[in-house]
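Keep the model open in your viewer and follow the stops below. Each one says what to select and what is found there.

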Amino acid sequence: MKQGWEYKKLGEVCEVTMGQSPNGSSINESEGIEFHQGKTCFGDRFLGKSNQYTTSPTKFAEVNSVLLCVRAPVGFPNITNRKICIGRGLCSLISMPELDNNFLFYALLGKQDYFEKNATGSTFKAISSKVVSNALIPLPPLAVQESIVRELDEINNLIQLKKEQIKDLDSLAQSLFYEMFGDPVENPKGWEIKKLGEVCLGKLKYGSGASAIEYDGVVRYVRITDINDDGTLNDDIKSPSIIEDDYILQEGDILFARSGATVGKTYLHTNINQKCLYAGYLIKARIDNSIMCPLYVFHFTKSHAYKSWVMLNARAVAQPNINAKQYSDCPIPLPPLALQQSFAERVEAIEKMKTEIKSAIADLEVLLASRMQHWFD
């Protein structure tokens, strides 16, 4: 605790309103007041737009109140810039005049361990109004709060700026694809069209049925839920319960998600330092490098042509699904290999820049965590 600082319980410096779900029949997509049940629409700090509304609101979060997740997951804060209806997954905190809203946001970020330790429930972890109200936060003078917010905002703004740079580089790579090869739908350059299965070494192959276990530090188990929209893998690293050589990825292998909400997502394996084995709801394509460049194929899967093909072929029965035979029949233009390789070289230069920016982001996040610890631990 900082010497000379006052420490208060949240209930002493905030008006705490626990959410309550409205009648289910009142929830719709356009009428009434915007409704939020949990952190689905949370941004880095400010609440995003929900596509749910209710005509029978019960509990409200007022303009500029701080939201806190109180059910699975617990402890994540956000700020709303508009009045909304909140369900049981959220509570609203309205600060007293002596507490800066943005300072409260950062203080809550520093309380996540407290909220997780005090959560209860076997199926869904939740925190009570008592746990929220009893959370202890520092309350330095308002001018000091504002100074701390400026410092943390400066670091956060740099992080967001660099994340935007990565997005710009991703857009640059995709723009480069269209510049060099044209729109695959129109095929203005008249490239020969091949089926994906015709440019692969062997048949497209389903993944392992192994279970996911705690990461052993050696083999990563790539599951359908691990693939992000941009084709990277998330940080939820697990290992397979069984190591089967048939399912070990090689450099240049492309994984296609075959089922559910993630259908159509792809991952290109380039990290030769990470041994990976892929799971059953993924399909592996091993591209024949003498015909087609894997990086070209991967960026083709980011095109409008591929996304439209996925929508047409994902048969919506119980859930969307595309099988190995369908993926094998996916049409793909075949530009000259030298042109594909030239594209790959230029994209690899872009990826190198992205790696450097990601390293800078990691350093800034360490700095932010250090300063958060300094002010709030």
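By class, 10 nonpolar, six polar and five charged residues line the second largest pocket; Ala, Val, Leu, Ile, Met, Phe, Trp, Tyr, Cys and Pro count as nonpolar, Asp, Glu, Lys and Arg as charged, and the others, Gly among them, as polar. This is a predicted model, in which local features need pLDDT of at least 70 and side-chain atom pairs count only at pLDDT 80 or more, while totals for chains, interfaces and linings use all residues. Residues are numbered from 1 along each chain as its sequence is written, and side-chain values use heavy atoms, with hydrogens and water left out.

The pocket holds about 560 Å³ of space. A pocket here is an open set of points on a 1 Å grid over the protein atoms alone, where a 1.4 Å probe fits, with protein on both sides within 12 Å along at least five of seven lines; lining residues have an atom within 4 Å of a point. Grid points are joined across faces, edges and corners, and the volume is the space filled by probe spheres set on them. Select Asp 44, Phe 105, Leu 109, Asn 156 and Gln 160, the closest to the pocket centre of its 21 lining residues. Then colour β8 (74–79), α2 (101–109), α5 (142–181) and α9 (337–376), the elements that give two or more residues to the lining. The largest share, five residues, comes from α5. Helices (H or I, at least four residues) and strands (E, at least two) are DSSP runs, numbered from the N terminus.

Next, show the open sheet of four strands, ordered β2-β10-β7-β8 with antiparallel pairing; two strands pair if DSSP finds at least two bridges between them. β2 (14–18) and β8 each have a single partner strand, so one side of each edge strand lacks a neighbour in the sheet. Axes are lines fitted to C-alpha atoms, for helices over the stretch in contact (heavy atoms within 4.5 Å), and angles run from 0 to 180 degrees between N-to-C directions.

Finish at Ser 65, in the loop between β6 (60–61) and β7. Is Ser 65 buried or exposed? Ser 65 counts as buried, at 2% relative accessibility; buried means under 20% relative accessible area, exposed over 50%, partly exposed in between (1.4 Å probe, protein chains only). Beyond four places in sequence, its contacts include Asn 78, Ser 92 and Asn 101.
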